[in-house]
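Try each task before reading its solution.

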Amino acid sequence: MMKKVQVITGGGSGMGLEVAKVLGTQGPVLIGGRTEKKLETALQELKAAGVEAVAMACDVSDKDSVAAFAKKANEMGEIANVIHCAGVSPSMGDAESILRINMVGTVHVVEAFYPLMGQGSVLINIASMAGYFVPMNEHLKKAFADPSDPSLVAGTLPLAADANSAYPISKRFVINYTTRNVVRFAQKGARIVSVSPGTFETPMIASERQSPDVDNIIKATPAGRAGDPKEIAWLIEFLCSEKAAFITGTDVLIDGGFTQLAARDQIQ
Ligand SMILES: NC(=O)c1ccc[n+]([C@@H]2O[C@H](COP(=O)([O-])OP(=O)(O)OC[C@H]3O[C@@H](n4cnc5c(N)ncnc54)[C@H](OP(=O)(O)O)[C@@H]3O)[C@@H](O)[C@H]2O)c1
């Protein structure tokens, strides 16, 4: 029987690494990311947990790099689940690199893996609750219609003034793009879903802690705490299972109640 391969971008740390530990019970795991040292440490952790894992350097903002990553995954066996966790936050890059990685990178991952995904397979894009707070405008509609637009990739399309506005826009795109792919995935018996985390204790959020916003959001979260990345892994385990066979083309919020409460407060 073909091995059921579990592919995880951004698998070297944070949520991606937790997902690798959980999905690694179902088949061999391929993790990708830019920093080889990070991947090596993650591999050791996965092997210690009894997971059969392989790592490959991959930059999701580079189409050829993602194509090579997808080729490697295909050589490992039948691709069961692709969990696209790779992403950067405002403290990790300027507006252009955030859009290139989070937005255009998501297109690269979906396009490279779509031809390789068969009946019962699932692709999950990690978005963010930040995407829920972005009002649409003409520039966004243009960029969302064609995220490979050269003027966008070159950073000349006036989409986001700075990194703080680029991040939520990039995540709004991920939610929107996931839904736009639902029919073609369904036609081959596959599913595509996005997951929008609230604030989770990962290296990314540690790097954002210089801003008081993070603590203010945690304080305003009805659950009264930040999320544990294991909770993302458990949600993804469910979304990849047969029990979630009717869930596709949608976004799943996992945010301790923050977004809907904020939306209600905006409406009332
Ligand atoms: N933590 C939160 O509160 C939170 C909230 C909402 C959404 N999210 C989203 O959750 C996802 C996972 O983040 P995390 O919190 O687990 O943080 P993390 O530990 O920083 O994980 C992100 C991973 O993505 C990789 N990555 C970054 N740029 C990449 C690129 N161009 N190509 C390939 N890999 C790349 C990073 O490794 P390299 O740098 O080595 O490439 C890193 O391993 C991200 O998409 C993030 O936006 C996080």
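Two strands pair if DSSP finds at least two bridges between them; strands (E, at least two residues) and helices (H or I, at least four) are DSSP runs, numbered from the N terminus. This is a predicted model, where local features need pLDDT of at least 70, side-chain atom pairs count only at pLDDT 80 or more, and totals for chains, interfaces and linings use all residues. Residues are numbered from 1 along each chain as its sequence is written.

**Exercise 1.** Work out the order of the strands in the open sheet.

*Solution.* Step one: the seven strands run β3-β2-β1-β4-β5-β6-β7, with parallel pairing. Step two: find the edges, β3 (53-57) and β7 (251-254), each of which pairs on one side only. Step three: zoom in on β6 (residues 191-197), which four bridges join to β7. In one of these pairings, serine 196 has leucine 253 of β7 as its bridge partner.

**Exercise 2.** Describe how α4 and α7 lie relative to each other.

*Solution.* Start with the axes (lines fitted to C-alpha atoms over the stretch in contact, with angles from 0 to 180 degrees between N-to-C directions). Those of α4 and α7 (residues 163-180) come within 8 Å and cross at roughly 10 degrees. Angles under 35 degrees count as roughly parallel, so α4 and α7 are roughly parallel to each other.

**Exercise 3.** Find what surrounds the ligand.

*Solution.* Count residues whose C-beta atom, placed from the backbone, lies within 6 Å of the ligand: there are 32, and Gly10, Gly14, Thr35, Gly87 and Met204 are the closest. Next, look for the suppliers: α1 (14-23), β2 (29-33), α4 (95-113) and α9 (203-208) each give at least two residues.

Key: Angles under 35 degrees count as roughly parallel, over 145 as roughly antiparallel, 65 to 115 as roughly perpendicular and the rest as oblique.
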